[in-house]
Amino acid sequence: MKIPLLPAFMRGLTVGGLLALPAMAAAQESTLRIVIPADIRSTDPGVNRDANTDYVISNILEGLVGYRDDASIGPMLAESWDVSEDEKTYSFHLRPGLTFHNGDPVTSADVAWNWDRYMDPETTWRCYPEYDGSKGLKVEAVETPDDMTVVFRLNQPNSLFLASLSRTDCGQTGIYSPKSVGEDGNWIKPIGTGPFMLEEHEHSQYVQLARFPDYSARSEEMSGLVGDKTPLVDHVRFVVVPDASAAKAGLQSGDIDVLSDIELQHIEDLKADPAIKLDLARSFGIVNFLLQTTDPLIGDVRIREAIQLSLDVPTIVDAVTASEGEPSRSVVPVGSPFYSEVMARPYERDIARASELAEEAGYNGEPLTITATRAYPQLFDMAVLAQAMMAEAGFNVQVEVLDWPTLQDRYNSGNFQMMSFTYSARLDPALSYDMMSGDKAEQPRKVWDNPEQRDLLTQSVAVSDPAKRQELFNRIETLFQQEIPMIPLYSGVRVGAMRSNIDGYKSWALGSPRAWGVSKTE
């Protein structure tokens, strides 16, 4: 196995000497050092990417719109936008005075050029299928009536149009200069509008950005990936540190300034360190138990309800999140603007009723298996806790432990009874419900197959009025809580850690490290 080259400050360390990190040479200019666990895959937004790539790109490029902290959509390069009465035409008005990192002005023609490249199949943009008609929505035309206006014409109304433009895995549909691409069509580097510019990439070591001195900031308060993104440090260095314990040691020794997402088991130790500050934010991921509704045993809704009633969910959540998590029974995250009273109904434990339901369903001690993994400690721990709690209601439960790739294979094939699982963040309720529902014959990984729900979900995408969408989501949630195809436990927790001389760094739902608005006192 090839071992990746470690960052300079980690070389020569022994297992017993992680805390004895050599001091990095002091820079003449301020440099904010942020850990990423792996190198970026490329700098071409939304193309050859992973989460670390998205993190770095979000500091370089900006889109017309972007996500706020609460997953609502806010303006970024667009000053504003208008939507036609039939909801099929979006007219974006660009902010005046915008320039790319090379000094060229940003015009509507640049936006149209970007869109043409994104929608060229040879670009292999991740979000191409969201707009080519294969999922219903098709952008039929992009027009530039003047230098400051760009018009998107859709084939049908779609409430996810702006949300998909904002997705980080789409590279935020970031707008970059056509000079980012060579005359041969090959990608060179991102020449964007963001607060930082790409400066240096030492593969498997670090990615360094430099402050964009002519950055044009918005006046609104920073929120998510929009608002005021003024850069306050001269350089940002994303340091590749694959090992979480080594990253923590680097933070405590002063060789690292920010860890954007620390391991929960490190919270208490870092809380006790006076040189470290912590900042917590609710994530939009969902940690849960999946229930296989086609299984001969769990296919009976009375068994699924009995399992749910046997669990002390608040106790499980406290145990696996170091008391930082908030229990929730909905797949819609707590931080969503659509999180309603219907979704916020608390869990109630009732062992007597659980035993009654199991008896009514004819349960007679048959083995019930919870599939879990140690790759994510909380998934194993919550399975063991559930095993003990379900035993109180008379269930004969065993825990099956698999490595993460094998568990993923079992999930994708639907080959499980009950599974400890985690879904990554979805920033619109339609996407949250879609990730776990569908035709199980076509997609075995889907845990909820209800035609009425699918019809309601389709309606929720075809309308943009928030009140109408909320009504549809509440109806879906009511069905979900009646049928219990899975048992959500909590929305994920993101905990950022930083040195005490770092000001302005904030964690947020997506967990991506935002270097703008952050200052450092040497």
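Good morning. The second largest pocket of this predicted model holds about 380 Å³ of space. A pocket is found on a 1 Å grid over the protein atoms alone, as an open set of points with protein on both sides within 12 Å along at least five of seven lines; a cavity is a set of points where a 1.4 Å probe fits but cannot get out, and lining residues have an atom within 4 Å of a point. Grid points are joined across faces, edges and corners, and a volume is the space filled by probe spheres set on the points.

Two remarks on the source. Residues are numbered from 1 along each chain as its sequence is written, and side-chain values use heavy atoms, with hydrogens and water left out. Because the model is predicted, local features need pLDDT of at least 70 and side-chain atom pairs count only at pLDDT 80 or more, while totals for chains, interfaces and linings use all residues.

Which residues lie nearest the centre of the second largest pocket? They are I73, S159, D428, S464 and R469, out of 20 lining residues. Two or more lining residues come from each of β4 (78-83), α3 (161-166) and α13 (466-483). Here helices (H or I, at least four residues) and strands (E, at least two) are DSSP runs, numbered from the N terminus.

Strand β4 leads us to a sheet. Four strands form an open, antiparallel sheet in the order β4-β5-β7-β6; two strands pair if DSSP finds at least two bridges between them. At the edges stand β4 and β6 (139-146), each pairing on one side only. From one strand to the next the twist averages 20 degrees. β4 and β5 (residues 89-94) are joined in the antiparallel sense over 5 bridges, and S80 has H93 in β5 as its bridge partner.

Across β5, β6 and β7 (149-154) lies helix α2 (residues 108-118), running at about 160 degrees to β6. Contact means heavy atoms within 4.5 Å; axes are lines fitted to C-alpha atoms, for helices over the stretch in contact, and angles run from 0 to 180 degrees between N-to-C directions.

Finally, the cavities. How many reach 30 Å³ or more? The count is 2. The largest cavity holds about 70 Å³, and α2 gives the most to its lining, with 4 residues. Its lining residues include V111, W115 and F152. The second largest cavity has a volume of about 40 Å³, and both α13 and β16 (486-499) give two or more residues to its lining. Thank you.
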